[in-house]
Amino acid sequence: MKNMIVTALKLFGRNKAFLFSVTIIPTLLFLLMTVLLPYTKKHSVSVINHTDDKAIENSINGIDGINIVEAKEDKIAELITRGTIELAVVINEDPETGFAVAQIYNSGDSEIYDAVELAVSYASDSSQNSITSVNSSDRGTHNLMNTLPFMLYKFIEGASVLGAMIIADRKKHIKDRIMLSCISPVTYISGMTMVYFICSCFGSGLYCLVGGIMNYDFGMRYPIHYFIMLCFVNLFSASFYIFAATLVNSEESLQGVSTLVLISAFFSGMLFPFDYMPKVFKMIGNYCPQRWIVKGIENIQVSGTFSAAFPQIGLVFTLTLIFLIIGVYRNNKIINVRY
Amino acid sequence: MFSAIFKKDFKLALSNPMHIGIIAIYPIIIIIVFGFTMRNNMDNIYGTFDNTKVFYYRDNASDEMLSKFTEISEIISDKIGVEFEEISDYDKACDEVEASKAYAVIKIEADGYDYFRSDFNETYGGDIVRTLFVELSNNEANSNTVVQNVSLNIKKVTADVYYTFAGLGIAILFLALVMSNSFGRDYSSGTIEKIMMSKAGAHSIILSKFTCGAILGLIQIAIALSLSTLIFNIDWNHNLGMIIMVHIVMLLFSLCFGLMVGILIPNKMTTYLAICYFAMLSNYLGGSITPVYLLERIPILKYIIKISPIYWTNQSLTNLYNGTNDSKTRNCIIVLLAFAVVFMAVTFLYTSSKSKSISANAGYKNQEAIQP
């Protein structure tokens with residue numbers, strides 16, 4: 001086994017494209033997709049202040065959970081029409097009384113109108129000591145979950161390289177030579193899988209590390225849970241492509257399998273937030289492993305405990321075992337047919 | 001002669017299943033899938049305050065703090081719909097907050113409030129309620145502030161309408177592929193040289209392909225607009241004529257771009273990739289996939305998106321749908337037409353020069369053949 005791992009490490013090590021695609025590319029794609037898929041559930045509000053009094057402006061700017069967007073007064077209707085903002089608060093001074101007049105422009109269907117109105121009504125400049133103390137929070141500022149379904153697609157699809165290498169070995173009869181040296185097929189597959197698993201986990205770790213450094217919000221008590229879930233994904237992806245490699249005869253044919261992964265990623269919310277998808281799409285998505293992982297991560301976030309993801313981990317792990325057992329069995333069969 | 005070339009181009013265009021997909025299937029899929037998928041997101045319905053609860057716990061609470069808390073909780077409950085529930089086990093309540101069962105636990109003390117929220121999974125709704133509670137507990141209602149509700153009588157662009165425009169935009173831009181592919185096939189089969197040397201002349205090739213593309217594009221626009229009207233029951237009362245006009249101008253832009261790329265680059269695969277990249281980038285930046293209002297919130301991207309022709313048409317169509325026929329539409333039409341003219345001029349000039357060189361070569365070869 002040790003020799004097999006060393007050999008596999010050397011094989012993978014020679015293939016720079018493999019190392020790059022499994023370790024660095026996911027992180028680069030993550031940063032790119034953060035920009036390309038900026039979905040958010042934050043409400044957007046504009047504040048236009050024509051007075052010197054900053055109380056109302058500061059009060060609205062101080063509401064956590066809403067996004068302040070810059071806007072010009074003559075563009076308010078257009079921006080609300082397009083959905084860029086939900087509300088706009090224009091603050092003027094009443095020339096007669098000198099009081100602040102806050103006009104809240106809206107289209108009549110905002111969820112946060114009342115909250116903003118309340119904040120405006122209670123806005124004050126007084127700097128008295130607060131009688132309410134709030135515990136601190138170190139949540140990240142950027143949304144990590146937008147890109148998660150895409151990243152899962154990338155991590156799962158990443159193992160296509162492992163599948164391609166197994167097929168290439170088969171074609172070049174390298175695998176046959178390994179078998180002739182009394183190494184069992186199980187050891188051969190295990191060695192390859194372990195090396196792939198270590199490399200992909202390194203890639204996942206790098207992704208999590210960059211996420212943490214760049215202040216992305218994991219939404220979890222312990223962000224390590226996020227990494228552990230990704231390790232399960234890497235294990236699943238390896239077993240899936242070991243199985244897939246026994247179904248096809250060429251590296252090109254693996255593209256078809258990757259298309260299947262892409263389709264399931266689509267139904268799992270890769271391009272749009274899953275919650276907004278039509279019922280039929282959601283129903284299909286619920287049968288996809290990517291969705292199970294996302295659901296598991298969401299459960300950890302909501303409940304605060306890792307055990308909340310056990311049902312989803314169980315499902316993924318079972319599927320991993322099934323693919324691995326069938327994959328190894330079929331692999332043995334292919335070798336036995338040869339000899 | 002022209003009709004023969006036109007027939008050939010039309011058959012050529014329809015012989016490729018991908019072209020049928022671009023003309024009829026792409027817009028339909030995008031309109032239906034995106035229209036239904038993004039409905040809640042574009043309506044800004046996120047369920048921010050759905051099933052919300054805040055726990056409170058008395059810990060040597062003074063009467064003053066209690067009465068103030070009652071007042072605040074009634075206001076927040078009345079305005080936002082948050083339910084306030086008294087609990088007896090503070091630690092258990094904190095655990096429940098961390099398990100997302102409630103936004104927070106407020107401990108009412110003798111001289112203030114201790115607000116406990118989850119430090120890792122507080123929702124946006126929880127953020128808002130917390131901010132308001134802190135504000136309301138520290139300040140009295142400001143009687144010097146007049147709050148006015150200005151409800152705008154506007155027709156917000158729904159996902160159905162938005163993605164009708166977006167889907168059609170994607171499909172129209174990809175129509176450039178039909179043009180370039182037609183040239184690519186003519187190049188590879190040598191037909192283009194034969195036609196250039198014939199009486200039909202070089203310009204009839206362009207005209208024929210353009211007419212073919214225009215007919216397909218008009219069919220595309222008709223299919224997409226009627227389909228979305230039928231499925232989503234969209235009311236096109238405002239500026240339907242102008243909406244169709246903007247689409248036609250975009251069609252002209254796309255066809256001329258496809259013709260130019262097709263004539264300049266003989267290699268089919270290169271033209272295919274060039275147009276695909278252009279169309280995908282323009283569509284993404286123009287908001288055909290991710291709604292433009294989300295792209296506008298991203299610091300650098302909000303400037304980059306303005307270079308996309310789809311962004312201009314998107315802005316124009318949105319305004320037209322809402323009954324505003326302003327400078328955005330005028331500018332969009334002028335700029336797109338100007339580009340179309342430039343592309344067409346390049347196409348004509350290049351075709352003329354190519355035709356001349358082919359004729360000259362042919363004459364030279366004929367002379368060589370005649371001489372013994």
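**Figure 1. Pairing of β4(A) with β5(B).** In β5(B), S151(B) is the bridge partner of N106(A). The two strands, β4(A) (residues 100–106) and β5(B), run parallel and are joined over seven bridges. Strands here (E, at least two residues) and helices (H or I, at least four) are DSSP runs, numbered from the N terminus, and two strands pair if DSSP finds at least two bridges between them. The model is predicted: local features need pLDDT of at least 70, side-chain atom pairs count only at pLDDT 80 or more, and totals for chains, interfaces and linings use all residues. Residues are numbered from 1 along each chain as its sequence is written, while chains are lettered from A and ligands numbered from 1 in the order in which they are written.

**Figure 2. The open sheet that ends in β5(B).** Five strands are arranged in the order β2(A)-β1(A)-β3(A)-β4(A)-β5(B), with mixed pairing. β2(A) (66–68) and β5(B) stand at the edges with a single partner strand each, so one side of each has no neighbour in the sheet. On average, neighbouring strands of this sheet are turned by 25° against each other, direction ignored; axes are lines fitted to C-alpha atoms, for helices over the stretch in contact, and angles run from 0 to 180 degrees between N-to-C directions. Within the sheet, β3(A) (residues 87–93) and β4(A) run antiparallel and are joined by seven bridges. E93(A) stands opposite A100(A) in β4(A).

**Figure 3. The open sheet that begins with β5(A).** The order of its five strands is β5(A)-β4(B)-β3(B)-β1(B)-β2(B), and the pairing is mixed. β5(A) (132–134) and β2(B) (83–86) are the edge strands, each pairing on one side only. From one strand to the next, the twist averages 25°. Three bridges pair β5(A) with β4(B) in the parallel sense, and V134(A) stands opposite Y115(B) in β4(B). Helix α6(B) lies across β5(A) and across β1(B) (53–58), β3(B) (104–108) and β4(B), running at about 155° to β5(A).

**Figure 4. The side of chain B that touches chain A.** In total, 69 residues of chain B are in contact with 74 residues of chain A, where contact means that the C-beta atoms of two residues, placed from the backbone, lie within 7 Å. Elements of chain B that each supply at least two residues to this side include α4 (63–80), β4 (113–117), β5 (145–151) and α14 (309–321). The most comes from α6(B), with 13 residues. By class, the residues of this side are 33 nonpolar, 23 polar and 13 charged; Ala, Val, Leu, Ile, Met, Phe, Trp, Tyr, Cys and Pro count as nonpolar, Asp, Glu, Lys and Arg as charged, and the others, Gly among them, as polar.

**Figure 5. Packing of α2(B) against α9(B).** The axes of α2(B) (residues 17–37) and α9(B) (residues 202–232) are 9 Å apart, at an angle of about 30°. This makes the two helices roughly parallel, a term for angles under 35 degrees. Residues in the contact include I23(B), P27(B) and I31(B) of α2(B) and L216(B), I223(B) and F232(B) of α9(B). The contact of α2(B) with α9(B) has 13 nonpolar, three polar and no charged residues.

**Figure 6. Helix α9(B) and the residue after it.** α9(B) has 31 residues and reaches 45 Å from its first C-alpha to its last, close to the 45 Å expected at 1.5 Å a residue; the expected span is 1.5 Å times one less than the number of residues. N233(B) follows α9(B) and has a positive phi, near 55°.

Definitions and conventions
Angles under 35 degrees count as roughly parallel, over 145 as roughly antiparallel, 65 to 115 as roughly perpendicular and the rest as oblique.
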